[in-house]
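This note is written for a reader who is meeting the model for the first time. Please keep the sequence and the structure in view while reading the numbered points.

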Amino acid sequence: MTAPAQNLRINGERLWDSLMEMAKIGPGVAGGNNRQTLTDADAEGRALFQSWCEAAGCTMGLDQMGNMFARREGTDPDALPVYVGSHLDTQPTGGKYDGVLGVLGGLEILRTLNDTGIKTKHPIVVTNWTNEEGTRFAPAMLSSGVFAGIHDQDWAYGREDAEGKTFGDELQRIGWRGDEEVGARKMHAFFELHIEQGPILEAEKKDIGVVTHGQGLSWTQVTITGKDSHTGSTPMPMRRNAGLGMARVLEKVEEIALSHAPHAVGAAGHIDVYPNSRNVIPGKAVFTVDFRSPDLSVIEDMEAQLRVEAQAICDGMGLEVAFEKVGGFDPVAFDEGCVAAVRNAAERLGYSHMNLISGAGHDACWINRVAPTAMVMCPCVDGLSHNEAEEISPEWAEAGANVLFHAVVETAEIVA
């Protein structure tokens, strides 16, 4: 495969202007974005993206999950396309770059190819995956999951938001349900550019993260049942305090994760305590333990330790405990050839880089099941993401998009 000339770069100023223009749609209250999936703002962002793609001479495909596919033709009609992209939907208090950089970075590839008159053997397709965030309709990475055969489409259509509205109905309402069969497309490869959403690249002063793996994830919902009683009149030895039991279990969660340092992590982000009254000892606590690691055996060991340790704690306190696995996915090892294309691009362009394990889930993690896949990451300030204060620099965005361009175009094969 022929690599692009070393001096060939995307237009960083144009990319940044596009990011800022998209950020005007679904503005947040503190400088970020609230462009949740299948809202009117999502529809408006999609329309803007489509207009840009059509202006770049692309045709737009749309499947039954609302996934968008902007195609630039190659010279070989039989060659499978190289896909590139991410997502345009955001968290309720999201930033301007999470997901969006990967979509508009892909668009910038097509614009740069047009500017330079370069043709590729393989078509290049820029993708906007629907509902990556999963904040309105759980789970995350929903539509790429249907595409990869992880989820059933009818099940996905039936997912409900907090108001009882279904994914299928809302997709139809905003006018972005296509006719194309989900998952029918075959890919030569898939690349995704994303902000790191962590502090490592910035701390190590590296321009580029070459993502070799994605962490696996395990969600276990733990329900501890005791007896709610008066906080003032119940003697200490006679209490069955589910809240205290939860606190002791969460200490163990911390110990379990630390025992598998440095790559394992664990915490509980979702916690409900009942009856949640100031003068009532909690009779029930429900919380979800989130364990992550790039090693499946480590995840399984942490799950097993949690059950043993939590059971022992609750038995000793006269509490009942129940466990339910409510979510998760196995660790991902990205394609060695695609990863090498990313690494070689960074080296060719003179960017400092390091191998990185993604701590968050991404559409690439599901697409990796059906096509050779890799990810490029750029730093973000203080590792902050899923927050309106999320920030990157124009230089970081340009570097990431340059590496993406070179990896994608080399894979798509330049035609002399």
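1. Terms and basis. Helices (H or I, at least four residues) and strands (E, at least two) are DSSP runs, numbered from the N terminus. The model is predicted, and therefore local features need pLDDT of at least 70 and side-chain atom pairs count only at pLDDT 80 or more, while totals for chains, interfaces and linings use all residues. Residues are numbered from 1 along each chain as its sequence is written, and side-chain values use heavy atoms, with hydrogens and water left out.

2. Helix 2. This helix covers residues 40–55. The expected span of a helix is 1.5 Å times one less than its number of residues. Buried means under 20% relative accessible area, exposed over 50%, and partly exposed in between (1.4 Å probe, protein chains only). Among the buried residues of helix 2 are Ala 41, Gly 45, Leu 48, Phe 49 and Trp 52. An α-helix has 3.6 residues a turn, so residues three or four places apart point the same way. The cover over the buried residues of helix 2 includes helix 1 (12–23), strand 1 (59–62), strand 2 (68–72), helix 3 (100–116) and strand 5 (124–128). After helix 2 comes Gly 57, with a positive phi near 85°.

3. The nonpolar cores. A nonpolar core is a set of buried Ala, Val, Leu, Ile, Met, Phe, Trp, Tyr and Cys residues joined through side-chain atoms within 4.5 Å. The largest has 96 residues, of which Met 22, Phe 49, Leu 101, Leu 104, Ile 109, Phe 191 and Val 403 touch the most other members. Helix 12 (residues 394–412) gives the most to this core, namely 10 residues. A second, separate core has 21 residues, including Ala 242, Ile 256, Val 289 and Ile 313.

4. Contact means heavy atoms within 4.5 Å. Which residues does Leu 104 contact, leaving aside neighbours within four places in sequence? They are Leu 15, Ser 18, Leu 19, Met 22, Phe 49 and Trp 52. The axes of helix 1 and helix 3 come within 10 Å and cross at roughly 140°. Axes are lines fitted to C-alpha atoms, for helices over the stretch in contact, and angles run from 0 to 180 degrees between N-to-C directions. Angles under 35 degrees count as roughly parallel, over 145 as roughly antiparallel, 65 to 115 as roughly perpendicular and the rest as oblique. Helix 1 and helix 3 are therefore oblique to each other.

5. Helix 12 and its partner. At 1.5 Å a residue, the 19 residues of helix 12 should span 27 Å, and the end C-alpha atoms are 26 Å apart, which agrees. Helix 12 is mostly covered, with 15 of its 19 residues buried. The axes of helix 10 (residues 336–349) and helix 12 come within 8 Å and cross at roughly 125°, and the two helices are therefore oblique. Their contact includes Ala 341, Val 342 and Ala 345 of helix 10 and Asn 402, Val 403 and His 406 of helix 12. Just after helix 12, Glu 413 takes a positive phi of about 70°.

6. Arg 248. This residue lies in helix 8 (residues 242–258). Is Arg 248 buried, partly exposed or exposed? Its relative accessible area is 40%, so Arg 248 is partly exposed. Not counting residues up to four places away in sequence, Arg 248 touches Ile 313 and Met 317. Its C-alpha atom is separated by 9.6 Å from that of Glu 309, which is 61 residues away along the chain.

7. Backbone points to check. Most residues other than glycine have a negative phi, and most peptide bonds are trans. The bond from Ala 261 to Pro 262 is cis, with omega near 10°, and Pro 262 is in the loop between helix 8 and strand 10 (265–274). Tyr 274 and Pro 275 are also joined by a cis peptide bond, with omega about 0°. Asn 276, in the loop between strand 10 and strand 11, has a positive phi near 60° and counts as exposed at 66% relative accessibility. Lys 205 has a positive phi near 55° and is exposed, with a relative accessible area of 70%. Lys 205 is placed in the loop between helix 7 (200–204) and strand 7 (208–214).
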